[in-house]
Amino acid sequence: MPDTGYITVNAFTSNARIPLENVAIAVTASDGTAIALRLTDRNGIITPIEIPVPELSASQTPDTGIIPFTAVNLYARLEGFEQTENENLQVFPDTVTQLQLQMIPLSELPDAWDKVAVFDTPAQNL
(Lines give C-alpha, C1' and ligand atoms only; values in the text may rest on other atoms or scores of the structure.)
Protein backbone atom coordinates (compact mmCIF):
# COMPACT_ATOMS: atom_id res chain seq x y z
CA MET A 1 0.00 0.00 0.00
CA PRO A 2 1.49 3.40 -0.98
CA ASP A 3 2.53 5.97 1.60
CA THR A 4 2.13 9.73 1.42
CA GLY A 5 4.64 12.53 0.87
CA TYR A 6 3.96 16.25 0.64
CA ILE A 7 4.97 19.28 -1.43
CA THR A 8 4.82 22.88 -0.24
CA VAL A 9 5.79 26.05 -2.07
CA ASN A 10 7.04 29.39 -0.85
CA ALA A 11 6.81 31.87 -3.77
CA PHE A 12 8.62 35.19 -3.57
CA THR A 13 10.29 37.85 -5.66
CA SER A 14 13.78 39.31 -5.42
CA ASN A 15 16.52 38.55 -2.96
CA ALA A 16 14.46 40.37 -0.32
CA ARG A 17 12.08 37.39 -0.44
CA ILE A 18 8.92 39.47 -0.80
CA PRO A 19 5.98 36.99 -0.74
CA LEU A 20 3.83 36.69 -3.86
CA GLU A 21 0.08 36.18 -3.53
CA ASN A 22 -2.08 34.36 -6.10
CA VAL A 23 0.71 32.47 -7.84
CA ALA A 24 -1.05 29.62 -9.68
CA ILE A 25 0.66 26.33 -8.80
CA ALA A 26 -0.10 23.14 -10.73
CA VAL A 27 1.40 19.76 -9.82
CA THR A 28 1.27 16.91 -12.31
CA ALA A 29 2.43 13.31 -12.42
CA SER A 30 5.27 12.53 -14.81
CA ASP A 31 2.68 11.44 -17.40
CA GLY A 32 0.98 14.87 -17.25
CA THR A 33 -2.00 13.83 -15.10
CA ALA A 34 -3.08 16.69 -12.84
CA ILE A 35 -2.55 16.01 -9.14
CA ALA A 36 -3.38 19.38 -7.57
CA LEU A 37 -3.94 23.07 -8.25
CA ARG A 38 -3.32 25.76 -5.64
CA LEU A 39 -2.99 29.54 -5.29
CA THR A 40 -0.44 31.01 -2.92
CA ASP A 41 -1.78 33.01 0.02
CA ARG A 42 -0.63 36.52 0.98
CA ASN A 43 2.47 34.94 2.55
CA GLY A 44 3.38 33.26 -0.76
CA ILE A 45 2.63 29.79 0.65
CA ILE A 46 0.31 26.98 -0.46
CA THR A 47 -1.35 24.36 1.69
CA PRO A 48 0.62 21.10 1.49
CA ILE A 49 -0.20 18.84 -1.44
CA GLU A 50 -0.42 15.12 -0.68
CA ILE A 51 1.44 12.90 -3.14
CA PRO A 52 1.14 9.08 -3.23
CA VAL A 53 4.65 7.64 -2.89
CA PRO A 54 6.20 4.17 -2.55
CA GLU A 55 6.26 2.61 0.89
CA LEU A 56 8.98 3.80 3.25
CA SER A 57 10.47 0.29 3.30
CA ALA A 58 11.50 0.74 -0.37
CA SER A 59 14.10 3.29 0.73
CA GLN A 60 15.41 1.26 3.67
CA THR A 61 17.02 -1.59 1.74
CA PRO A 62 19.47 -1.22 -1.15
CA ASP A 63 18.90 -2.80 -4.55
CA THR A 64 15.17 -3.46 -4.17
CA GLY A 65 14.59 -2.32 -7.74
CA ILE A 66 11.96 0.11 -6.48
CA ILE A 67 12.52 3.84 -6.87
CA PRO A 68 11.90 5.12 -3.33
CA PHE A 69 10.25 8.39 -4.38
CA THR A 70 7.63 9.75 -6.73
CA ALA A 71 8.73 12.29 -9.35
CA VAL A 72 6.27 15.10 -10.11
CA ASN A 73 6.32 18.31 -12.13
CA LEU A 74 5.36 21.70 -10.74
CA TYR A 75 4.31 24.71 -12.82
CA ALA A 76 4.06 28.27 -11.46
CA ARG A 77 2.37 31.24 -13.15
CA LEU A 78 1.71 34.82 -12.10
CA GLU A 79 0.96 37.69 -14.47
CA GLY A 80 3.96 39.98 -14.81
CA PHE A 81 6.47 37.29 -13.77
CA GLU A 82 8.53 34.71 -15.62
CA GLN A 83 6.75 31.35 -15.80
CA THR A 84 8.57 28.42 -14.22
CA GLU A 85 8.49 24.67 -14.63
CA ASN A 86 10.15 22.38 -12.11
CA GLU A 87 10.48 18.89 -13.53
CA ASN A 88 11.12 15.63 -11.70
CA LEU A 89 10.74 16.94 -8.15
CA GLN A 90 11.28 14.01 -5.82
CA VAL A 91 8.74 13.33 -3.09
CA PHE A 92 9.60 10.78 -0.40
CA PRO A 93 7.39 8.98 2.15
CA ASP A 94 6.55 10.89 5.34
CA THR A 95 8.57 13.87 4.12
CA VAL A 96 7.72 17.43 3.07
CA THR A 97 9.44 18.58 -0.11
CA GLN A 98 9.72 22.36 0.15
CA LEU A 99 10.22 24.39 -3.02
CA GLN A 100 11.59 27.90 -2.56
CA LEU A 101 10.32 29.55 -5.73
CA GLN A 102 11.98 32.85 -6.61
CA MET A 103 9.96 34.43 -9.40
CA ILE A 104 11.54 37.07 -11.61
CA PRO A 105 9.50 40.12 -12.68
CA LEU A 106 9.24 40.42 -16.46
CA SER A 107 10.31 44.06 -16.14
CA GLU A 108 13.79 42.69 -15.38
CA LEU A 109 13.62 40.47 -18.49
CA PRO A 110 11.95 42.59 -21.21
CA ASP A 111 12.70 40.07 -23.98
CA ALA A 112 11.48 37.05 -21.99
CA TRP A 113 7.74 37.74 -21.83
CA ASP A 114 6.97 34.45 -23.61
CA LYS A 115 9.77 32.30 -22.18
CA VAL A 116 9.58 29.69 -19.46
CA ALA A 117 12.36 28.91 -16.97
CA VAL A 118 12.68 25.13 -16.74
CA PHE A 119 14.45 23.46 -13.81
CA ASP A 120 15.06 19.70 -14.00
CA THR A 121 15.94 17.79 -10.83
CA PRO A 122 18.19 14.81 -11.64
CA ALA A 123 17.41 11.54 -9.90
CA GLN A 124 19.41 10.78 -6.79
CA ASN A 125 21.77 7.84 -6.79
CA LEU A 126 20.02 5.83 -4.10
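## Surface and ground rules

The chain has an accessible surface of about 7,600 Å², and carbon and sulfur atoms hold 53% of that surface. Such areas are computed by the Shrake-Rupley method with a 1.4 Å probe, and for residues only the protein chains shown count as cover.

This is a predicted model, in which local features need pLDDT of at least 70 and side-chain atom pairs count only at pLDDT 80 or more, while totals for chains, interfaces and linings use all residues. Residues are numbered from 1 along each chain as its sequence is written, and side-chain values use heavy atoms, with hydrogens and water left out.

## The overall build

The chain contains zero helices and nine strands. Here, helices (H or I, at least four residues) and strands (E, at least two) are DSSP runs, numbered from the N terminus.

Of the 126 residues in the chain, 36% are buried. Buried means under 20% relative accessible area, exposed means over 50%, and partly exposed lies in between (1.4 Å probe, protein chains only). Among contacts with a separation of 6 or more, 60% join residues 24 or more positions apart; a contact means heavy atoms within 4.5 Å.

Strand β5 pairs with β1 in the antiparallel sense, over five bridges. Two strands pair if DSSP finds at least two bridges between them. Within this pairing, Tyr6 stands opposite Glu50 of β5.

## An aromatic pair

One aromatic pair turns up in a search of the whole structure. Phe69 and Phe92 form this tilted pair, with 5.3 Å from centre to centre and 55° between the planes. Phe69 sits in the loop between β5 (49-53) and β6 (70-77), and Phe92 in the loop between β7 (83-91) and β8 (96-103), so the pair ties together parts that are 23 residues apart in sequence.

Rings of Phe, Tyr and Trp (its six-membered ring) pair if their centres lie within 6.5 Å; planes under 30 degrees apart count as stacked, over 60 as edge-to-face and the rest as tilted. Phe69 is buried, at 11% relative accessible area.

## Two residues with positive phi

Most residues other than glycine have a negative phi. Arg17, in the loop between β1 (3-13) and β2 (18-19), has a positive phi near 60°. Asn88, found in strand β7, also has a positive phi, of about 60°.

Arg17 lies over the face of Phe12, 4.1 Å from the ring centre. A charge sits over a ring if NZ of Lys or CZ of Arg is within 6 Å of the ring centre and within 35 degrees of the ring normal. Arg17 is partly exposed, at 41% relative accessible area, and Asn88 is partly exposed at 28%.
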